[in-house]
Structures are given as structure tokens and as C-alpha cells.
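Dear colleague,

I am passing on the structure we spoke about, and I would be grateful if you could look it over with the notes below beside you.

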Amino acid sequence: MNFKKVYILYENLMKQFSGAKAVKIDLHIHTPASNCFDSGPLSEKDAYLNIIKEAIKNDIKIIAITDHNTFAGFNKLKRYLKETSDKEILLLQKKILVLCGIEINCFSRHLLAIFDEKFIEEKQNKFLLEIGLTNNCDIADTYGPAKLLEIIDNYGGIAILAHADENNGFLQGMISSKAKD
């Protein structure tokens, strides 16, 4: 065994990055599929693709598309990205991870459900049906928040309280009652 070679290999390994790295993420992004989205003068396609450009411009490495009660924006963005011949967008796609998500209206509160980028439309539709979000219903009040969290977990997602500390957020009632004690 050549200890000098082993030592050199060890030294080279120690020079490499070994640990956590901070990256910017935004897990609450709306698209034209949400009625609160303002695309300004951009066409629908350009508005979707601009989401990627803006994220990269702001050095964001991971985003989640979380439109109100629908996965439509995520699916449309993925289609536009797949169909684009824009060389800039093709290069930018390699620098960002786009996660599938949804902002669910439950008991007049908002809950984000984030899934991986491979959460396909078939599973999305099954999930929406299970939580009670159908074509004629835009609130998921079939179950309480605890059951909704369980369903999100069963589908491999993570849940995040959206607007948690705002007047209509899930935590506001708890914060208000603690302040009174």
C-alpha cells in the first residue's frame, strides 16, 4: 500500500465540499391558473416561462407551483417547458427543481401540499377526488385539517401552513387565545 497516494487522495477529498449547503427555495408560487395571478402584458405561455426566468434571476434553486385548489398550473408549466425551443429556458431548466404542489382551501384556511416533480396527473386527480376537490367544488372541507394532513402524507407529500400568522391563518386563533392568557 502506498501511503503517500492514500494521503494525497485523502487531502483531495477533504478539499471538496462536505456538508450542508444553503439554497434559496420558494414553495408558494402561483401561476395564471390562480385567479390572483397577474401576468401583466405577458401572454399565458410567457407568464409561465417567466416564473422560471425570475426564479433563476433571484438565485432560487427549488420552487413549488401551488395554485389555489388545482394542479393545472404545474401541469401547464411542465408542458410549456417540455415544448419550448427557447435556448435560454432549456439551459435554465437544468438549474432549478420545480415541485408539484397545491394550495388547498380548507375551513377558510390555506394549506400547501408539496409533492415531488413526478407527481403525475393520474395521482393528482385521485388526490383531488379523495380530499373533495372536484370540478364543482373549490374547498376541501370534507375532512378536518388533521385528516387532510394524513391524506397528504399518504400520497408522499409534505404539508405547510400557508399564511399561518395572518388573520385567516391556521395559527391565528391559537396565537390570539395565548395572548389572552
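**The sheet and what packs around it**

In this predicted model, β4 and β5 form an antiparallel pair that extends over five bridges, and within it L111 stands opposite L161 of β5. The pair belongs to an open sheet of five strands, which follow one another in the order β1-β2-β3-β4-β5 with mixed pairing. Because β1 (24-29) and β5 each have a single partner strand, they stand at the edges, and one side of each is left without a neighbour in the sheet. On average, and with direction ignored, neighbouring strands are turned by 30° against each other.

α5, for its part, lies across β3 and β4 and runs at about 15° to β3.

**The nonpolar cores**

Which residues have the most contacts inside the largest nonpolar core? This core has 36 residues, and the ones in question are I52, I63, I104, F115 and F127. Two or more residues are given to it by each of α2 (44-57), β2 (60-65), α3 (72-83), α4 (87-93), β3 (97-106), β4 (109-115), α5 (121-131) and α6 (145-154), with α2 providing the largest share, six residues.

**Helix α6**

L148 and I152 lead on to α6, in which they are buried together with I151. Seen down the helix axis, the buried residues of α6 fall within an arc of 100°, and they therefore line one face of the helix. These buried residues pack against β3, β4, α5 and β5 (158-162), whereas the face turned away from the buried side carries the exposed residues A146, D153 and N154. After α6 comes G156, which has a positive phi, near 85°.

With best regards

Technical notes. Residues numbered from 1 in each chain as written. Predicted model: local features only at pLDDT ≥ 70, side-chain atom pairs only at ≥ 80, totals over all residues. Heavy atoms only, no water. Core = buried A, V, L, I, M, F, W, Y, C linked by side-chain atoms within 4.5 Å. Buried < 20%, exposed > 50% of the residue type's maximum accessible area, 1.4 Å probe, protein only. Helix = DSSP H or I, 4+ residues; strand = E, 2+ residues; numbered from the N terminus. Arc of directions from axis to C-beta. Contact = heavy atoms within 4.5 Å. Pairing = 2+ DSSP bridges. Axes fitted to C-alpha atoms, helices over the stretch in contact; angles between N-to-C directions.
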